[in-house]
Amino acid sequence: MTAALFLETNEALIQNIVLKGDQIKCEEAILKNLKAELQAELVAAGLTRAANENYKITLIGETLSTGIDARKLEKTEPELYVRLLGDYLKITPRSSYVKVEVLP
């Protein structure tokens, strides 16, 4: 099967994926705004937690993540990069998935 035939055969499925993706993005934006509103209400009330038989709400404070800029290390210290990569290489398997992009 050619790519063109595949796209033609699966046009409805692809359109449905694109539509659902757009709907999810919209819902995620709404959810983000609702959480921001709830956070503002918690802060205004001077609370970091609230709970009852139905909900448990916790305000998680800001945190900082630290890491090593591997690309920068590779450019500035290539020998060290190779040595560290050999000693501390970590491989994490990732499942395959389908990526659908809407082109302009």
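**Reading a predicted chain**

Buried residues (under 20% relative accessible area with a 1.4 Å probe, protein chains only; exposed is over 50%, partly exposed in between) make up 5% of the 104 residues in the chain. This is a predicted model, in which local features need pLDDT of at least 70 and side-chain atom pairs count only at pLDDT 80 or more, while totals for chains, interfaces and linings use all residues. Residues are numbered from 1 along each chain as its sequence is written, and side-chain values use heavy atoms, with hydrogens and water left out.

User: What average pLDDT does the chain have, and where is confidence lowest and highest?

Analyst: pLDDT is the predictor's confidence in each residue, from 0 to 100. Where it is low, the predicted coordinates should not be read in detail. Here the chain averages 92, and 99% of the residues score at least 70. Strand 1 (residues 49–51) is lowest with a mean of 91, and helix 1 (residues 3–9) is highest at 96.

User: How many helices and strands does the chain have?

Analyst: Helices (H or I, at least four residues) and strands (E, at least two) are DSSP runs, numbered from the N terminus. This chain has four helices and two strands, in the order α-α-β-β-α-α from the N terminus on.

User: What span does helix 2 reach?

Analyst: The expected span of a helix is 1.5 Å times one less than its number of residues. Helix 2 (residues 11–45), with 35 residues, reaches 51 Å from its first C-alpha to its last, close to the expected 51 Å. Just after helix 2, glycine 46 takes a positive phi of about 75°.

User: What radius of gyration does the chain have?

Analyst: The radius is taken over C-alpha atoms, and the globule rule is 2.2 Å times the number of residues to the power 0.38. The chain has 23 Å, whereas a compact globule of 104 residues would be near 13 Å. Along the principal axes, the C-alpha atoms fill a box of roughly 55 × 50 × 30 Å.

User: Is isoleucine 60 buried or exposed?

Analyst: Isoleucine 60 counts as exposed, because its relative accessibility is 68%. Its place is the loop between strand 2 (56–58) and helix 3 (70–76). The C-alpha atoms of isoleucine 60 and arginine 49, 11 residues apart along the chain, are separated by 9.2 Å.

User: Where is alanine 70, and how far is it from tyrosine 81?

Analyst: Alanine 70 lies in helix 3 and is partly exposed, with a relative accessible area of 38%. Alanine 70 and tyrosine 81 are 11 residues apart in sequence and 7.7 Å apart in space, C-alpha to C-alpha.
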